[in-house]
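Biologist: Can you put the model up? I have a few quick questions about it.

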Amino acid sequence: MNKQVQVHGALFLVALIYGANYSIAKEIMPDYVGPFGLIVIRVVSAVLVFGALSLWVVKEKIQSKSDWVRIVLCGLFGITLNQLSFFSGLNLTSPINASLIQTVSPVVVVLLSAYLLKERIQVFRMVGILLAGLGAMMLISGKAGNAQGNILGDILMLVNAACFGAFLVLVKPLMQRYNPITVVSRIFLAGSVGVIPFGLGQVIKPHYATFPASIWGAIAFVIIGMTILAYLLNVWAMKYASPALVGVYIYLQPVFAILIAVSLGKDLFTWQKALYAAMIFGGVYLVSKPKKQTVEV
C-alpha cells in the first residue's frame, strides 16, 4: 500500500470516528454518565496514554516559561472550555445540529488571526464569514434548530467551535517547535486541572457494574477511538497531507454525523437543515479557500 492511499485512509477513518462520536456519545449521556463525567474519563485517559508516550518514547522537554504559559492557555481553550462546552452542548442538542455548528471553527481562526496577527481579511473571506455565521444563527434560532435539540445546546456548540478555533491559533507555534506528542501530553495535563473539579462528582456517581455491554463499548469508543486513535492518525497524516486535503476531509465529518444519526434514528435531516448546512459549508469553504485550488498529498 503506497503512502498516498495510507494518508487518505487515515484521514477518512478520522472523519468517520468524529462523525460517529456525535451519536455514540449521546448513548452514554446523561442516563449513564453525565457530560462532565465523560469529559473526565476521556481527559484522564488521554493524560495517561500521551503522558506515557511522552515520557518513555519521545522524551522531550518544554524549553521556556513562555511556552508553558502558551500550553496552559491551550489547555484552557483546547481542553477545559472546549470539552465542557462540547459534551454539555451535545447532551442538550441533536447530533446533526452539533456537527454542523462545529464546522465554523475555521471562521474563528481567520478572525483571531486577523486580530492577533494583523492579517488582512480578503473580501471573499468576509463574505464566507457572514454566510457561515448567518447559517449557524438560522440553525440555532430557527424551528429546524429547535425541533429535536435545545437552543442552549446549540449555543454551547458554537462556544465549542470558538474555543477550538482559538486553540488552533494558540497551538501552532508549539507544534512548530516540539514533537506533537510532547505538546498534546502537556496540553491534556493542563486542561485536566480545569475539567476534573467539574466532573469528579459525575464520575463517582454512576453504578458502573450495571452498565450494559453496549455502553461500555460506547465509552471505549470515546476513549480509544475519539481520544487516542483519531488524534494519532490525524497527526501522522498531517505530516504528509497538504492543508487543502485535510480541509476536504474535515467537511466529511458532519456528512458522516448526519448519515449515522439518521440511520440510527437519532435525528432527522430536514430541508431546512440542508439549506443551513449549505450556507455553513459554503461560508467555511470561502474562509478556508487556499490561493491554489489543487488538492494534493
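Modeller: Start with Leu 200. At 46% relative accessibility, Leu 200 is partly exposed. One caution: this is a predicted model.

Biologist: Which helix is Leu 200 found in?

Modeller: Helix H9.

Biologist: And which nonpolar surface patch is made with Leu 200?

Modeller: A patch of about 450 Å², made by Val 44, Leu 48, Ile 196, Leu 200 and Ile 204. Helix H2 (35-58) and helix H9 (180-204) are the elements that each give two or more residues to this patch.

Biologist: Which gives the most?

Modeller: H9, with 3 residues.

Biologist: Step back for me. How many helices and strands are there in the chain?

Modeller: The chain has 12 helices and 0 strands. Along the sequence, the pattern reads α-α-α-α-α-α-α-α-α-α-α-α.

Biologist: How many residues are in the chain, and what share count as buried?

Modeller: The chain has 297 residues, and 47% of them count as buried. Its accessible surface comes to about 14600 Å². Carbon and sulfur atoms hold 70% of that surface.

Biologist: What about contacts between residues 24 or more positions apart?

Modeller: They account for 89% of the contacts in the chain with a separation of 6 or more.

Biologist: Now the helices themselves. What does H1 span?

Modeller: Helix H1 covers residues 3-28, which is 26 residues. From first C-alpha to last, H1 reaches 37 Å, close to the 38 Å expected at 1.5 Å a residue.

Biologist: Where is the kink in H1 centred?

Modeller: On Asn 21, and the kink is about 40°.

Biologist: And H3, what should its residues span?

Modeller: Helix H3 runs over residues 65-92, so its 28 residues should span 40 Å at 1.5 Å a residue. The end C-alpha atoms are 39 Å apart, which agrees. H3 bends too, by about 35° at Asn 82.

Biologist: Switching to charges. How many salt bridges does the structure hold?

Modeller: The structure holds 1 salt bridge. The side chains of Arg 177 and Asp 67 meet there, at 2.6 Å from N to O.

Biologist: Which parts does the Arg 177 and Asp 67 pair tie together?

Modeller: Arg 177 lies in helix H8 (residues 151-177) and Asp 67 in helix H3, so the pair ties together parts that are 110 residues apart in sequence.

Biologist: Is Asp 67 buried or exposed?

Modeller: Asp 67 is buried, at 5% relative accessibility. The cut-off for buried is under 20%. Arg 177 is partly exposed, with a relative accessible area of 46%.

Biologist: Next, Ser 99. Where is Ser 99 found?

Modeller: In helix H4 (residues 95-101). Ser 99 counts as buried because its relative accessibility is 2%.

Biologist: What does Ser 99 touch, leaving out residues up to four places away in sequence?

Modeller: Tyr 22, Pro 254 and Ala 257.

Biologist: Last one, Val 123. Buried or exposed?

Modeller: Exposed: Val 123 has 65% relative accessibility. The cut-off for exposed is over 50%. Val 123 has its place in helix H6 (residues 123-141).

Biologist: How far apart are Val 123 and Leu 286 in sequence and in space?

Modeller: In sequence, 163 residues separate Val 123 and Leu 286. In space, the two are 9.7 Å apart, C-alpha to C-alpha.

Methods:
Residues are numbered from 1 along each chain as its sequence is written. This is a predicted model: local features need pLDDT of at least 70, side-chain atom pairs count only at pLDDT 80 or more; totals for chains, interfaces and linings use all residues. Side-chain values use heavy atoms; hydrogens and water are left out. Patches are made of residues with over 30% relative accessible area and no salt bridge: like charges are joined within 9 Å, nonpolar side chains (Val, Leu, Ile, Met, Phe, Trp, Tyr) within 5 Å. Accessible areas come from the Shrake-Rupley method with a 1.4 Å probe; for residues, only the protein chains shown count as cover. A salt bridge is a side-chain nitrogen of Lys or Arg within 4 Å of a carboxyl oxygen of Asp or Glu. Helices (H or I, at least four residues) and strands (E, at least two) are DSSP runs, numbered from the N terminus. Buried means under 20% relative accessible area, exposed over 50%, partly exposed in between (1.4 Å probe, protein chains only). Contact means heavy atoms within 4.5 Å. The expected span of a helix is 1.5 Å times one less than its number of residues. The bend at a residue is the angle between axes fitted to the seven residues ending there and the seven starting there.
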